[in-house]
Amino acid sequence: MNTTRPYQICTKTIMDTTDPNIVFNEKGESDYFTNFKENIEPNWHTDERGYDELMKIAERIKKTSKNKDFDCIIGLSGGLDSSYAAYVAKEIMGIRPLIFHVDAGWNTDKAVGNIEKLINGLNLDLYTEVINWEEMKDLQVAFLKSQISDQDLPQDYAFFSALYKFARKHKINYVLTGGNFSTECCREPEEWGGFPGIDVTLVKDIHRKFGKKELKTFPLVDILSYKIYYKYIYGMEVFKPLNLVPYVKKDAENLLKEKFDWEPFQHKHHESRFTRFYEDYWLPRKFGYQKRKAHFSSLILTGQMTREEALDRVSRPELSEEFLQKEFEYVANKLDLTTEELQQIFEGENKTYKDYKNKMGIIKLGAQAMQKLGLEKRLFR
């Protein structure tokens with residue numbers, strides 16, 4: 001956390017100086033707010049324009065995939081964004097998605113239940129890839145020992161890499177994701193673990209220093225591979241259908257609940273027990289970062305939450321102390337660590353990805369180029 005500058009909070013969102021690079025104008029508005037107003041809002045159409053574009057995409061997908069078993073692939077976690085994307089693909093776009101789920105060992109029962117309900121209710125095919133638990137565990141412990149803030153990278157890498165590898169192998173050209181402006185227009189800064197893609201150099205260096213097992217089957221697709229090879233050589237395209245339809249969190253939850261008996265989560269990313277523990281315990285207590293500030297700021301900007309409600313929610317932990325202590329024990333146990341060993345890691349000296357070999361320089365250049373070309377509207381630094 002940057003302690004050299006006085007604390008300041010955006011007058012329009014709840015983003016603050018725990019993002020060390022946040023910029024404020026003379027009205028006290030942060031660059032998250034001004035970026036939303038100048039770059040996202042004017043280019044974000046969920047009316048007839050969005051619907052027309054969605055239908056054009058659907059027609060193109062159908063046309064180019066008509067001799068294949070599936071039109072596209074959607075990674076489904078059981079959380080809201082990916083669940084609603086699956087609903088939009090089947091019921092609104094009228095395409096045939098293959099639902100792809102990666103089991104990295106941390107699913108909540110509710111997430112598993114939601115996936116089953118959607119598959120049955122929408123009459124879709126599901127493919128589940130189970131990550132080798134011994135390798136997953138070894139990589140997660142290595143990351144914990146690395147002391148960097150983003151402890152969710154091993155799971156994220158498993159999800160995205162497995163999906164891209166599968167799509168490539170089975171010649172599925174279209175990937176639909178639940179990524180969206182409505183609940184994610186305020187991007188988490190990199191200090192909080194808002195990494196922009198899969199940096200294999202970083203993973204390998206951390207694993208070489210702290211890992212014990214060889215990663216024989218763990219899927220890793222470097223960001224440069226899927227941004228360049230997968231896109232330009234294999235012709236793979238990624239679409240975000242939720243940016244083209246009205247997507248209001250509460251309405252989407254209610255619709256999925258009514259139609260499929262889908263169950264909502266208390267907060268974003270709570271479909272994974274590890275992510276929930278990491279975002280609600282590890283990150284705020286060890287590093288002083290609260291991802292909820294970005295999540296709630298997105299909802300404030302898109303008119304789904306008041307700033308007062310958001311300030312009230314972040315003023316206290318999302319989950320009870322008793323529950324979090326039990327989860328601490330559960331995580332330690334599952335990773336074959338004693339609670340003392342996990343506590344020792346927790347109390348260790350914080351580091352950043354800069355303490356390890358990485359390709360962030362190249363990745364950042366790519367992200368900045370995408371911003372200049374208008375392909376990425378969210379604030380990135």
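Is D261 buried, partly exposed or exposed? Select D261: this residue counts as partly exposed because its relative accessibility is 46%. Please bear in mind throughout that the model is predicted.

**First stop: a link between D261 and K117**

The side chains of D261 and K117 meet in a salt bridge, with 3.8 Å from N to O. This pair connects distant parts of the chain, 144 residues apart: D261 is in the loop between α9 and α10, and K117 is in helix α4. K117 is partly exposed, with a relative accessible area of 24%.

Now select K257, which is located in helix α9 (residues 249-260). K257 and K117 are 140 residues apart along the chain, and their C-alpha atoms are separated by 10.0 Å. Setting aside residues up to four places away in sequence, K257 touches W262 and P264. K257 counts as partly exposed, at 42% relative accessibility.

Select N114, which belongs to helix α4 (residues 109-122). With a relative accessible area of 0%, N114 is buried. When residues up to four places away in sequence are not counted, N114 touches G78, W262, E263 and F265.

Continue to N123, in the loop between α4 and β3 (125-130). N123 is a residue other than glycine, yet its phi is positive, near 55 degrees. In contrast to the buried N114, N123 counts as exposed, at 66% relative accessibility.

Select residues 200-210, which form helix α7; its buried residues are V200, L202, V203, D205, I206 and H207. At the start of α7, look for D199: one of its side-chain oxygens comes to within 3.1 Å of the backbone nitrogen of T201.

Which residues touch the most other members of the largest nonpolar core? Select M15, W282, V331, L335, L337 and L342, which hold that place among its 36 residues. At least two residues of this core are supplied by each of α1 (31-40), α5, α10 (273-287), α11 (291-301), α13 (321-334) and α14 (339-346). The largest share, 7 residues, comes from α10.

Centre the view on W282. Apart from its neighbours within four places in sequence, W282 is in contact with L144, Q151, F277, F287, F328, L342, I345 and F346. Another core, of 34 residues, lies apart from this one; its members include I73, I131, V175 and I363.

How many salt bridges does a search of the whole structure find? The search finds 27.

Select R273 and E327, whose side chains meet in a salt bridge of 2.6 Å, N to O. R273 lies in helix α10 and E327 in helix α13, so the pair ties together parts that are 54 residues apart in sequence. R273 counts as partly exposed at 22% relative accessibility, whereas E327 counts as buried at 4%.

Finally, select E134, K137, K213 and D336, which are linked in a network of salt bridges. D336 is in the loop between α13 and α14. D336 is not a glycine, but has a positive phi of about 60 degrees. Its relative accessible area is 55%, so D336 is exposed.

Terms used: Residues numbered from 1 in each chain as written. Predicted model: local features only at pLDDT ≥ 70, side-chain atom pairs only at ≥ 80, totals over all residues. Heavy atoms only, no water. Helix = DSSP H or I, 4+ residues; strand = E, 2+ residues; numbered from the N terminus. Buried < 20%, exposed > 50% of the residue type's maximum accessible area, 1.4 Å probe, protein only. Contact = heavy atoms within 4.5 Å. Polar contact = N/O pair within 3.5 Å; in protein donor to acceptor, adjacent residues only side chain to side chain. Core = buried A, V, L, I, M, F, W, Y, C linked by side-chain atoms within 4.5 Å. Salt bridge = Lys/Arg side-chain N within 4 Å of Asp/Glu carboxyl O.
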